[in-house]
Amino acid sequence: MVKGINHIGIAVSNLEQSMNLFKTLFKVEEFHIETVESQKVKIASFDVGNVKIELTAPVDDESPIAKFIQKRGEGIHHIAFEVEGLQQELDRLKSDGIALINEKPVEGAHNMLIAFIHPKSANSVLIEFCQKSEDYVKQNNE
Ligand code: ZN
């Protein structure tokens with residue numbers, strides 16, 4: 001079950017510069033900074049209401065974000081929806097013939113488990129499903 005939008009990921013090539021920009025745009029006072037090894041990215045996120053904006057910069061050329069920026073330039077990279085029962089949702093999509101990038105969740109920022117749906121199955125939009133790790137573990141151990 002989809003609960004709501006958790007965050008919007010924006011691909012940026014220079015994290016420092018973009019942080020300065022968004023400080024001006026939204027008067028951001030504090031960023032949450034984190035490196036996400038599974039995606040080879042460093043993020044700087046901040047809250048806008050109930051939604052986070054995640055500025056996402058590659059930490060090396062092999063990062064999916066580096067490839068995205070090479071191909072399409074900076075900009076909106078993905079929309080992340082928080083779900084209940086992440087694995088069940090992935091299994092449901094797979095059985096409905098939806099192409100998944102991650103059939104099993106991987107570790108994301110903010111102690112979330114995340115999985116991407118392939119844009120070719122979603123009108124070229126990269127959709128992420130995410131769930132708090134502790135909820136996922138609880139659910140899958142019941
Ligand atoms: Zn994300």
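Predicted model: local features only at pLDDT ≥ 70, side-chain atom pairs only at ≥ 80, totals over all residues.

Trainee: Which helices and strands each supply at least two residues of the lining of the largest pocket?

Mentor: Residues are numbered from 1 along each chain as its sequence is written, and side-chain values use heavy atoms, with hydrogens and water left out. Rolling a probe the size of a water molecule over the atoms shows where empty space is left. On a 1 Å grid over the protein atoms alone, a pocket is an open set of points where a 1.4 Å probe fits, with protein on both sides within 12 Å along at least five of seven lines; lining residues have an atom within 4 Å of a point. In this model, the elements that each supply at least two lining residues are the strands β1 (2-11), β3 (41-48), β4 (51-58), β5 (75-83) and β7 (112-117), together with the helix α2 (64-72). Helices (H or I, at least four residues) and strands (E, at least two) are DSSP runs, numbered from the N terminus.

Trainee: How much space lies in the largest pocket, and which residues are the closest to its centre?

Mentor: The space amounts to about 640 Å³, a volume being what is filled by probe spheres set on the points, which are joined across faces, edges and corners. Of the 31 lining residues, Pro64, Phe68, His77, Phe116 and Leu126 are the closest to the centre. Helix α2 gives the largest share of the lining, six residues.

Trainee: Which residues of α2 are buried?

Mentor: Burial is read from relative accessible area: buried means under 20%, exposed over 50%, and partly exposed in between (1.4 Å probe, protein chains only). In α2 the buried residues are Ile65, Ala66, Phe68 and Ile69. They lie on the same side of α2, because they cover an arc of only 160° around the axis, the arc being that of the directions from the helix axis to the C-beta atoms. They pack against β1, β3, β4 and β5, contact meaning heavy atoms within 4.5 Å. The face turned away from the buried side carries the exposed residues Gln70 and Lys71. Lys67, also placed in α2, counts as partly exposed at 43%; leaving aside its neighbours within four places in sequence, Lys67 is in contact with Asp61 and Glu62.

Trainee: What do the buried residues of α3 pack against?

Mentor: Their partners are β5, β7, β8 (127-132) and α4 (133-140). The residues concerned, in helix α3 (residues 86-95), are Leu86, Gln87, Glu89, Leu90 and Leu93. Seen down the axis, they fall within an arc of 160°, so they line one face of α3.

Trainee: Where is Gln39 found, and what does Gln39 touch?

Mentor: Gln39 lies in the loop between β2 (32-36) and β3. Not counting residues up to four places away in sequence, Gln39 touches Ser63, Pro64, Val106, Ile114 and Phe116. At 15% relative accessibility, Gln39 counts as buried.

Trainee: What is the phi of Lys27, and what is that of Asn111?

Mentor: Most residues other than glycine have a negative phi. Lys27, although not a glycine, has a positive phi of about 50°; Asn111, also not a glycine, has a positive phi of about 55°. Lys27 sits in the loop between α1 (15-26) and β2 and is exposed at 70%. Asn111 sits in the loop between β6 (106-107) and β7 and counts as exposed at 64%. Among the glycines, Gly73 follows α2 with a positive phi near 85°, and Gly97 follows α3 with a positive phi near 85°.
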